[in-house]
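Work through the exercises below with the sequence and the coordinates at hand, and try each task before reading its solution.

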Amino acid sequence: MGSVGGGRGEMKETGMVPRGVDEGMAACHVCEKVSPVSEGRCKRCGSHLHLRKRDSISRTIAFLIAGALMYVPANLLPILSTRELGIVTDSTIIEGFLQFWRSGSYPIAIVIFTASLLIPILKIGALLWLCGAAKGWVPCTAKLLGRVYWVTELLGRWSMVDIFVVAILVTMVQLGNYMRVTPGPGALAFAIVVLLTMFAASSFDPKLLWDRLAHEALKKREETGSE
Amino acid sequence: MRKRLSILSWPKPRGGPHHAICHYCDSLHVAEPIAEGTRVNCVCCGATLYQNRPASLARVTAFSMTSLLLMIVVHSAPFITMDAGGMRTTLTLPSAAKDLITEGAAIVGWGVAIFTIVTPLVMAGGLVYVCGPLMFGRIAPGAKFVTKWMSRTEPWNMVEVFLLGVLVSLLKLGSVAELHFGVGFWAFGCLMFSMAGAVAAIDKRELWDRLEVAEGR
């Protein structure tokens, strides 16, 4: 039984509590019912049972590389195109941010900077770090990394803000020949970056971090045992 | 009287000892019924395993029905009206999505349509369809299928992100033209909170346990 009430109770070390993978028990990713993996499908909802997300690290890294590559055109190509009295002005994400900053609208500038520039980079970086920790290339502090993963998943969708801004501006500003706003190719590229990073975060299996911890704890015990 | 009891407590499904596995650290726990308002945490990493939300079915059904009603207002009433250069433009979400699709930015247009119109509709509609009958201990036909698809749709519900996008756009346009908020805008703000309330009202495990028990009747 877990600790009831909301408090932590006594925390046990990894290795003291049975783990699902050791007992061959898997929680259904849809309905959370725990059944033996040998059953193949969850009895309650029919979804596939698996101990770990399939090819988690490979998939996550693949999505991250694709997302990082798309990030280049997303920032270099214009996200918005304004035609005012026959003069066409293309603006990229960075130019949009600078425009707000220079005109004194610091709060919006910060929102744009955070959502479109900071969050995607941090998200890709954080997930790469998580993959590295799960593979053992980087030292693994499970608690911190679990938090990083949770924050990454939470913040990911907020990068879509810029896409919605483009959508609204395009629709709102249809003032005939005076001023017209059209979405640029950068908008599509950026939307794809957000989608790819969202897929990357959902492909990553946080249980792999604790697998790594358990593996290292076991190695340490073997080393001290053989002395 | 027996029928009414099903909306009061989280029923225990039939069968042997039920378990819960921590999503983060894979620790195996024995899952037992808990009192309303309490939660169970993993003994290894402290993450929440499941919680028994008070009046969960009643609240989720109420918030979902509210969301559906608000959606009717949001998508039919004017969202924002802009006066500039003698021209007046009115924006509603479906018209915005349609314009984007015809403007040549089809994917962005479909994106707006899916993330702000379709997904909240699937979530709220699905929750009403599944949890309404569950209040009486009954299971609607295809309820499990609907619940499965709702879990898949949940991460793609971006109503609050859209609202932030609206605010940013308004600030950008505010210097160029005169803007008036329509009923649709305020309804959208309420929709955001209503959807958040609906999704937070019930624990996933509880919903599935109730479905399992209702099916077994």
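**Exercise 1. Find what share of the residues in chain B is buried, and describe the chain around that figure.**

Solution. Of the 217 residues in chain B, 53% are buried, where buried means under 20% relative accessible area, exposed means over 50%, and partly exposed lies in between (1.4 Å probe, protein chains only). The model is a predicted one, in which local features need pLDDT of at least 70 and side-chain atom pairs count only at pLDDT 80 or more, while totals for chains, interfaces and linings use all residues. Residues are numbered from 1 along each chain as its sequence is written, chains are lettered from A in the order in which they are written, and side-chain values use heavy atoms, with hydrogens and water left out.

Next, take the secondary structure: chain B has eight helices and seven strands, both being DSSP runs numbered from the N terminus (helices H or I, at least four residues; strands E, at least two). Finally, among the contacts in chain B with a separation of 6 or more, 65% join residues 24 or more positions apart, a contact being heavy atoms within 4.5 Å.

**Exercise 2. Locate Thr81(B) and list its contacts beyond four places in sequence.**

Solution. Thr81(B) sits in strand S5 (residues 80–84) of chain B. Its relative accessible area is 12%, so Thr81(B) is classed as buried. Leaving aside neighbours within four places in sequence, Thr81(B) is in contact with Arg88(B), Thr89(B), Thr90(B), Glu178(B), Leu179(B) and His180(B).

**Exercise 3. Identify the residues with the most contacts inside the largest nonpolar core.**

Solution. A nonpolar core is a set of buried Ala, Val, Leu, Ile, Met, Phe, Trp, Tyr and Cys residues joined through side-chain atoms within 4.5 Å. The largest has 90 residues, and those with the most contacts inside it include Met160(A), Phe164(A), Phe79(B) and Phe188(B). Apart from this core lies another, of 35 residues, among them Ala126(A), Leu145(A), Cys25(B) and Ala31(B).

**Exercise 4. Characterise the interface of chain A and chain B.**

Solution. Begin with the residues: 72 of chain A are in contact with 65 of chain B. The area buried between the two chains is about 6,100 Å², of which carbon and sulfur atoms give 70%; this is the accessible area (1.4 Å probe) that two parts lose on being put together, summed over both. Then count the salt bridges, of which there are six between chain A and chain B, each being a side-chain nitrogen of Lys or Arg within 4 Å of a carboxyl oxygen of Asp or Glu. Lys33(A) forms a salt bridge with Glu212(B), with the closest N and O atoms 3.7 Å apart.
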